[in-house]
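Reader: Can you walk me through this one? I would like to go residue by residue first, then the bigger features.

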Amino acid sequence: MIKAIIFDFGGVFCNDTDFSLFHDIADKFQISQEQVMDGLKDLLKIYQRGEFSDTEFWQEFSKRIEKDLRAGYETLWIDKYILETKYNERMFDLARLLRQRGLKAALLSN
C-alpha cells in the first residue's frame, strides 16, 4: 500500500530554466554554449549537492573557462528563475488531493 509520494520540484512543479540560463551565461561571459557546458561539466553536480557556495561555484566556473567573473554574475541564476519560472498548478492540485486522501506528500529537490 502506498503511504507517501515524493515529488521533485524542477521540471515537475515548475519548468526547467537551465538551458535558457546557459545561454545567459554564454552571453555574460562572452563564450560559446559549448564552453559553458564544458565549464559546467561535473561542477553543476557538485554545486547542486551543496558542496560549493554560490561564490565558490562561480569562482570555479571562472577558472575553468579562463575568464574573469563578470559584473552581475551573482544574480544570473535567480534573475532567470524569477523571469522565466512557470508553475504547474495541476501538480500542486494533485499534491493537495493526495494529502486530502490521506497520503503523505513530500517535496525533495537538489
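Reader: What does Asn88 touch, not counting residues up to four places away in sequence?
Author: In this predicted model, Asn88 touches Val12, Phe13 and Cys14. Contact here means heavy atoms within 4.5 Å.

Reader: And where is Asn88 found?
Author: Asn88 is in the loop between α5 and α6. Helices (H or I, at least four residues) and strands (E, at least two) are DSSP runs, numbered from the N terminus.

Reader: What are the ground rules for the model?
Author: It is a predicted model, in which local features need pLDDT of at least 70 and side-chain atom pairs count only at pLDDT 80 or more, while totals for chains, interfaces and linings use all residues. Residues are numbered from 1 along each chain as its sequence is written, and side-chain values use heavy atoms, with hydrogens and water left out.

Reader: What is the mean pLDDT of the protein chain?
Author: The mean is 91, and 100% of the residues reach 70 or more. pLDDT is the predictor's confidence in each residue, from 0 to 100.

Reader: Where is confidence lowest, and where highest?
Author: Confidence is lowest in helix α5 (residues 76-84), with a mean of 86, and highest in helix α6 (residues 89-100), at 95.

Reader: Back to Asn88. Why does it count as partly exposed?
Author: Because its relative accessible area is 30%. Buried means under 20% relative accessible area, exposed over 50%, and partly exposed in between (1.4 Å probe, protein chains only).

Reader: Arg90 lies in helix α6. Buried or exposed?
Author: Arg90 is exposed, at a relative accessible area of 71%. Its C-alpha atom is separated by 32 Å from that of Leu40, 50 residues apart along the chain.

Reader: Now Ile31. Where does it sit, and is it buried or exposed?
Author: Ile31 is in the loop between α1 and α2. It is buried, because its relative accessible area is 10%.

Reader: What is Ile31 in contact with, leaving aside neighbours within four places in sequence?
Author: Ala26, Val36, Phe61, Ile65 and Lys67.

Reader: What about the nonpolar core? How many residues does the largest one have?
Author: The largest nonpolar core has 17 residues, and those with the most contacts inside it are Ile25, Phe29, Val36, Phe57, Trp58 and Phe61. Such a core is a set of buried Ala, Val, Leu, Ile, Met, Phe, Trp, Tyr and Cys residues joined through side-chain atoms within 4.5 Å.

Reader: Which elements give two or more residues to this core?
Author: They are α1 (18-29), α2 (33-40), α3 and α4 (54-65). α1 gives the most, with five residues.

Reader: And Ile25, what is it in contact with?
Author: Leaving aside its neighbours within four places in sequence, Ile25 is in contact with Val36, Trp58, Phe61 and Leu76. Another core lies apart from the largest one; it has eight residues, among them Phe7, Phe9, Met91 and Leu98.

Reader: Changing topic: how much space lies in the largest pocket?
Author: About 510 Å³. On a 1 Å grid over the protein atoms alone, a pocket is an open set of points where a 1.4 Å probe fits, with protein on both sides within 12 Å along at least five of seven lines; lining residues have an atom within 4 Å of a point. The volume is the space filled by probe spheres set on the points, which are joined across faces, edges and corners.

Reader: Where is Asn110, and is it buried or exposed?
Author: Asn110 is in the segment after β2 (104-107). It counts as exposed, at 63% relative accessibility.

Reader: Last one: what is phi of Asp42 near?
Author: It is near 70°, a positive value in a residue other than glycine. Asp42 lies in the loop between α2 and α3.
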